[in-house]
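Dear colleague,

Please find below the structure that I am handing over to you. My notes on what was found in it follow directly after.

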Amino acid sequence: MTKERPYVEKTVAMFTGLFIKANLFESAPSALSALIVRYVGTVKSPPARYVIDPVTYVFGVESEMHDGFGDDSALCHWRLLTKDDAARKLRQDYHIPETQEIPRNLMRDADTHGNIDPGSDRKVEALVLTRSYAHLADKIFADSIRRKVGLRALGQADFGVDNGVLDDFVGKVIDYQQGTLKRCFEGVKYQELGETLPGPAYILSPYFYIKSDESLEFMTSIWHSFDAHQVANGAAVTMVSKSYFMNSWREIACALSHLEAKTVMIWIPELQEDLATQDELVAFGQFVHTLASSNRLVINFYGGGFSMSLLSYGLAGLMNGPGYGLQRSAIPVKGGAPAASFYIPTLGVRSGVLGALQVMMSNPLIGSKQDFLDHVCSCPICRTAMSKSADDDYATAFWNYYGELVPSKTPGSNRLVPTRDATDRNAFHFLLARLLEFRAERQYSPAGSLQQLRTYRKSWPGRSGEHLDTWVRALVALENGE
Ligand SMILES: [Zn+2]
């Protein structure tokens, strides 16, 4: 989000809402609150909306282990420190009282990555918590649970059988979303501004990754507790592994359709829509359709090309950011600028710029700039790309605009990296193309969506368009109620 800020600022008026992750709020509260205030001030009709994603699942992700030590992850990372500093920092991060020993697996020898030599004064590596997640954890967990953060993946057992503990957690997550923006303005010059800001468009339930019957049971108890808090604009968040979803989507839909919360946000991290099987897409479509038929508003957290076609089957919305594109995996990645990758709207896939160019060049229908505009994209950014040179060589025009490279600034590296401009152009094209698709698809009937996919397939007759056949078959199966 911080990396995506320039795009958000320039395109802010076009979108129906902002989606902000709580850990980023914790790392840059003033920048993000300023962005939201500007957004709310700029976008009046329909009024600006934003959502704060509580990202609680991060605290439930199992860490990879090597020789008894955890790996770097979004939540924790190894840092070289003196022994004393390491001890101080670990006590602070994990809330370890002086009376208690520091767990051995939080410190290791910097060279061997094994146990440290107690007699040596050399520097050590300490598994410290990432500051933004540590701050978030301070705000949403009671002390008994906060002390386990980073030491183990949190799950049902940590919240015990006493519902009071779970209710307290759920209440804190709700309060966090409702109050965090207002609290940014407390005691400062613009305190009144904080009072008048609208709350988030939806309040999201806490959520953990559903992979088994036990984790579904845990999430169901979270959803029930969330219901009991009677949040008017509550959304039950459902993050579920693809394999569990395929076995149990009916049970999940049933549990969700009995909730008071009328909005469902779904995230299946491994579902890559262009690689998915027909069965997977049909199951996903039926899930959406089942919930939409029981008056649920279903929103896909990170939807791909096929999800656009599901707008006609009751999907209410989807979210896309240039940093991750069409799918987002469960393991949170650490920073890094979004790579330059190009989205081909008519194909519903996004890949590296060179890969995208190769796919286009293998398409016999694309030989000129006009062909590019007809079969790939005709958004204003692509039109600019094609108008930059006088001759009709679309490939060079494309590469000069979206694939522009400069030598890396990293010392000792002789790699070429995308220019800032090229990265921005790819990101804007992606956001704009998705928005144009969304506006069109939202108006379609199921027959219209099917027709659209068939038209796209005609633009991509070769192997690169084969997944469109799968999408077409999935829509036909949905239409026949299979
Ligand atoms: Zn475009």
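**Overall form and helix H4**

For a chain of 482 residues, a compact globule would have a radius of gyration near 23 Å; the chain has 24 Å, which agrees. Please bear in mind that this is a predicted model. The C-alpha trace spans about 75 × 60 × 50 Å along its principal axes. The secondary structure consists of 20 helices and 17 strands. Of the 482 residues, 39% count as buried. Among contacts in the chain with a separation of 6 or more, 68% are between residues 24 or more positions apart.

I then turned to one helix in detail. Helix H4 comprises the 12 residues 83-94. From its first C-alpha to its last, H4 reaches 16 Å, close to the 16 Å expected at 1.5 Å a residue. Its buried residues are Ala 86, Leu 90, Asp 93 and Tyr 94. Viewed down the axis of H4, these buried residues fall within an arc of 75°, so they line one face of the helix.

With kind regards

Terms used
Residues are numbered from 1 along each chain as its sequence is written. This is a predicted model: local features need pLDDT of at least 70, side-chain atom pairs count only at pLDDT 80 or more; totals for chains, interfaces and linings use all residues. Helices (H or I, at least four residues) and strands (E, at least two) are DSSP runs, numbered from the N terminus. The expected span of a helix is 1.5 Å times one less than its number of residues. A residue is buried if 20 or more other C-beta atoms lie within 10 Å of its own, exposed if 12 or fewer, and partly exposed in between; C-beta atoms are placed from the backbone. The arc is that of the directions from the helix axis to the C-beta atoms. The radius of gyration is taken over C-alpha atoms; the globule rule is 2.2 Å times the number of residues to the power 0.38. Two residues are in contact if their C-beta atoms, placed from the backbone, lie within 7 Å.
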